[in-house]
Structures are given as structure tokens and as C-alpha cells.
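Hi,

Here is the structure I promised to send over. Have a look at it first, and then read on for what turned up.

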Amino acid sequence: MARLLRPHAWSFAAVVLLQVVGAVAGLAPLLAVAELGRALLPPGPADQDHVWTVVLVGAAGLLVRLLFTAASSGIGHLVDGQVQLALRRRLAARLGRVPIGWLSRRRTGELAKVVGDDVSAVHPVVAHAPGELVAAFVVPLVSLVYLFAVDWRLTLITLAPVVLAVALVPLMMTPARLREQKEFDAGMGRISNAAVEFAQGIAVVKAFGGAGRAHRRFRTAADEFTDAFLRWVRGMAPVAAGMQLALSPPFVLLVVLAGGAALITNGAMEPAALLPFLLLGLGLTAPVAALGHGFDDLQAARRALGRIGDVLAVPPLPEPARPVAPRGHRVELRDVRFGYEAGREVLRGIDLVLEPGTVTAVVGPSGSGKSTLVQLLPRFFDPTHGSVVLGGADLREIGSRELYKKVSFVFQDVRLLRASVADNIALAVPRAGREDVMRAARLANIHDRILELPRGYDSVIGEDAGLSGGEAQRVAIARALLADAPVLVLDEATAFADPRTEQAVRRALATLAGDRTVLVIAHRLETIADADTVVMLEDGAIVEHGTPAELLARDGRFAAFWKSHRSAAAGESGAPRGDEPR
């Protein structure tokens, strides 16, 4: 918190100072009532000047309290807004610099919770905690000084409920309670993830009648959260009830009246002296009770800051001190090894050369490492061993801006920004003219569909532009066409396209290939047949490598893969598709 608030130290100090003045001034009306009682209750005429002075001091104290606490609250909320803005900017800056692969392996709901809910959870600490902490310490301290001056014995008796409540606080921080709080937060995260995933897939769920299965995960997450919440409540309820009872006005009044009655009947205290204890005794417990109520907010903020810190601590993608410009667009993978976790390699000793003007198709069973391999070229990850070389330069020696001018990519999981369709296509070339954008859209066979949108190319994704998965993929292809990068990475870029659109897009990609270096994950026979080179992956290693015709002639693993896919295609269509390798 100190590091977080350091840039706002003076504003925060002003919040605390104003709250101190307001809290102390807020005692003036109570002290005025007590003094009036002590002045008016004894027999004999009262000193009118003293009485009016006490009344004016009480009224002035009330006015000062209103003004200063309002100013403190206003400045506190302004500081809170500045802190939340700074946190979100820092998170956005860090997320913009972390490896893209790290982002791709995180659930949308988790990151949304950190940037949204967790940053908002800091609000009570910044905007409200200063006032509550000041009131919890300053008000009792000033009150105690006054009450000790009246009668030290009854003061100690009045403190008994406060001491009892404070003694219960450690019971709220036992290992079991802290574990239950972590389970509570984890349960909330699972619900957030399940809700986001269900909302994103609702159309597919409805189309295929899988509502029951889709709801099951959310219901399971909700049930697990309910169990964690009930465990937490059962553990906290007795302690919280004990604290509330000790600090409740009836219990405090009972203690003060019992102690005062004992002292008065023994002649140790004047009856008029009991009045300030009845008034300020409740004032002693109220701030402590407010602090207890804010304890959960403080704990939640601490845990939220921990998760924010975890994201801010993710190492950014290293940038070279002296960037090197690649010479050409020949790509080499030299003894590349990679694992997401220590001791578990996904890629094992990959040696591969991608020549300019060629299309290399990567095939293999699910889990063989295909997606991981193609994600190394745009440097979503850095290999744990070996190197990926572009134009004679290690990717780690090329600046990210230069790298993304050389490498573009289209994956199945397309993400479009909440911006106009034109801006989405021109994402890599912001200064591209409208004619260039439209030319790329025509090549990707998406131009006519864009013209059907309410505002054409100016329609905003998510507002007045609703695109299907295949249409979004074609927008991504148009983006790659406009980027005109010499290295192109494709993950079955026509996976969601209908046959007619697929043919048009394949022709566009063939035009795009030209003298470019193209690496594509291939699932369809057409892609494999069109490739210059096929790489067969199994268990993270290259088991076969060559032209489609060469690999078929070997009658090895690729040949078996080809035959199984042809059989499946023939079974679906009722006749062989007739795809033949070049």
C-alpha cells in the first residue's frame, strides 16, 4: 500500500488531517451535552455565560465536523479514482508487454476479474479506510482523556466492552479462517470463468441442445462457491456475533450503568458525572465497531492487491538492448525445445528450415505440439533451448515492432477489437487508406458482407456489427493481407468458412503467399495437398519431413495419416474427394 499511495502522499495526508480535525470536532456536541448536564443538574442557579459558551462550542464543532469530513471524503474519493486509474494503466501496460502466449493460456474471466473487480476492491482502503482508522483511534483517545479527567474508575469499566471485542479479533485471522477466505475468492473466480465461457458459447449451446451440459459447469462452480461461503460464514459467525454483542449499545449502557450505579451508591462519584459516560461510552465503541465491519474490506483489498501484484510481476517479453534487423525472411528453427512447465517438454529438438516462397504444413495428432510450434514464429513464447532465426537474426535480437512488421498470423480463435470494421482490418497498418482496406476485404471475400452492415466499414464490432465465426476469421485474413508481412503463420485459417468462401480465401492466400514464407497448421487435405513441405509431428518431435508425394511414397506415418483423413472425407461426402499431392 505504501508503494501504491506514494505518488499521492500529499493528497492522502490531507485526507487524514481533515478527517482528524473532523473527528475531534465531532466530539464537541457530545462533550457539550455532558457539560450542560454537569452545569444544569446540580442545585442552584446555573452560569448562563458558561451554558451559552458550551452550546456555541457544540454547534461550532458540529459545523466543523460536517465541513471537514465532507472535504476529507471528497478528496479521498478523488485519490481513489487516481489510484484505480494508475493501477489499470499499469496493468494494461504490463499486459501489453507480457508474452502473448502467457495471455493465451489464461482464462478471460481471471484477467477480467483482476483488471475490474480486484482494482475496484481497493476502493474501501483508499476512500474509506483513512476515515475509519482515524475515527477508530483519534475519537476514543480524545474521549478517554476527557473521561479519565472525570473519573478514572468508571472509564476503565466503560472500556471493558471494547477490550472484549478487540480480544476476539485474532480469532478472525486463524489459519482456518484465512484458508476459507482463499477458497471463497477461488470460488468466485471459477464462477466468473464459467459465466464468461457459457456466455461466449451460448449460440452453439442453443443450436445443439446442450443447455443442460453447459449449465452443469456453472452450477458446479456455484455449488462449490456456496459450500466455501457457508464454511467461511460458519467459522466467522460466532466471532462476529460476539463482537457485535460486546459493542452493541444495550450491552455498553448496561456495563456503564452497572459500574456507575455501584460508584454512586458507594458515594465515590457524583450522579451528574455519569452523564458523559453514557454519551461518550457509546462513542468509544462505535468507531471500533466500524473498524470491525471494515475488516473484511481490508482483507479483500489485501488479497486483491496480491492478485494484481502477481500480474504486474509477470516478466515482460525481453526486448533487445541493441535490436538487429533481419536480412530476408528465411526462417530456421535450430534444436528448439520448449515446455510450459519445468520438466515437461512440449517440443523436443525441432530442426526445421522454412524457405521464402514455400508453404510448410504442420500435421500431427492432437497434443503433438503443432500450435506451440507455430506460436514460436510470432514470438508468443521464447524457446527454453535452441533458437528461432529470421533472416539470420535470432528472434530475441529483433525488436518487437520490427518483428511484427515481418510476421503476421491468423489463428482459429479470432479476437476482434471493439472498434470499426475498417480499424480492425487496418490494425497492423493504421495509416492504410480506405481503398487498401477494401481491396484486402475483397481478397478475403468479406467485402460484400461488410457493406450489408448498418454503417458498412464504419460499423463497430459488438455494437452494430455482429459477425459470425467464419466472418470474423475472414476479417482477420483481410488484416493479414493488408499487413503484407513476408512471414505468414496460419492455423487452419478457413476452418469456419463455407466451401464457396473457402475456395475464395484459399485463392487469396495463394496470391498472398507469393515469395513469402508460410507456415500453416493443416487439418484439411486441401491444405496438405497445396503445401510444398509437410512436417509430421508426434509427441513434440518431427517424425517425418518432406514433400507430400515423397511422404506418401515412404508409406509411413504421414501416409497412414493421409489415408485415414481421406477415408473420413469420403465417408462424409459419399465419394472420394480426389485430393492429390503436387
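Let me start with the strands around E9. Strand E3 (residues 359-363) pairs with E9 in the parallel sense, over four bridges. In that pairing, Val-363 stands opposite Met-536 in E9. E9 also pairs with strand E10 (residues 541-546), here in the antiparallel sense and over five bridges. Val-535 stands opposite His-545 in E10. The hairpin of E9 and E10 has two residues between the strands, and Asp-539 takes a positive phi near 50° there. Strand E9 (residues 533-538) is largely enclosed by the rest of the structure, because five of its six residues are buried, that is, under 20% relative accessible area.

Please keep in mind that this is a predicted model.

The chain has 23 helices and 10 strands. Of its 582 residues, 44% are buried. Its accessible surface comes to about 29400 Å², and carbon and sulfur atoms account for 61% of that. If you take the contacts between residues at least 6 apart in sequence, 75% of them join residues at least 24 apart.

There is also an open sheet to look at. Four strands form it in the order E2-E1-E4-E5, with antiparallel pairing. Its edge strands are E2 (347-354) and E5 (393-394), each of which pairs on one side only. Strand E1 (residues 331-338) and E2 run antiparallel and are joined by five bridges. Glu-332 stands opposite Val-353 in E2.

On the helical side, I looked at one pair. Two packed helices are described by the angle between their axes and the distance between the axes. For helix H2 (residues 9-40) and helix H6 (residues 123-150), the axes come within 8 Å and cross at roughly 35°. The crossing of H2 past H6 is right-handed.

Which residues of H2 meet H6? Among them are Phe-12, Val-16, Val-20, Val-24, Leu-27 and Leu-31, and the residues they and others in H2 meet in H6 include Val-126, Pro-130, Val-134, Val-138, Val-142 and Tyr-146. Gln-19, Glu-35 and Arg-38 of H2 also take part, as do Gly-131 and Ser-143 of H6. The residues of this contact divide into 17 nonpolar, three polar and two charged.

Best wishes

Technical notes:
Residues numbered from 1 in each chain as written. Predicted model: local features only at pLDDT ≥ 70, side-chain atom pairs only at ≥ 80, totals over all residues. Heavy atoms only, no water. Axes fitted to C-alpha atoms, helices over the stretch in contact; angles between N-to-C directions. Left-handed = near helix turned anticlockwise from the far one by under 90°. Contact = heavy atoms within 4.5 Å. Nonpolar A, V, L, I, M, F, W, Y, C, P; charged D, E, K, R; others polar. Buried < 20%, exposed > 50% of the residue type's maximum accessible area, 1.4 Å probe, protein only. Pairing = 2+ DSSP bridges. Areas by Shrake-Rupley, 256 points an atom, 1.4 Å probe, with all protein chains shown as cover.
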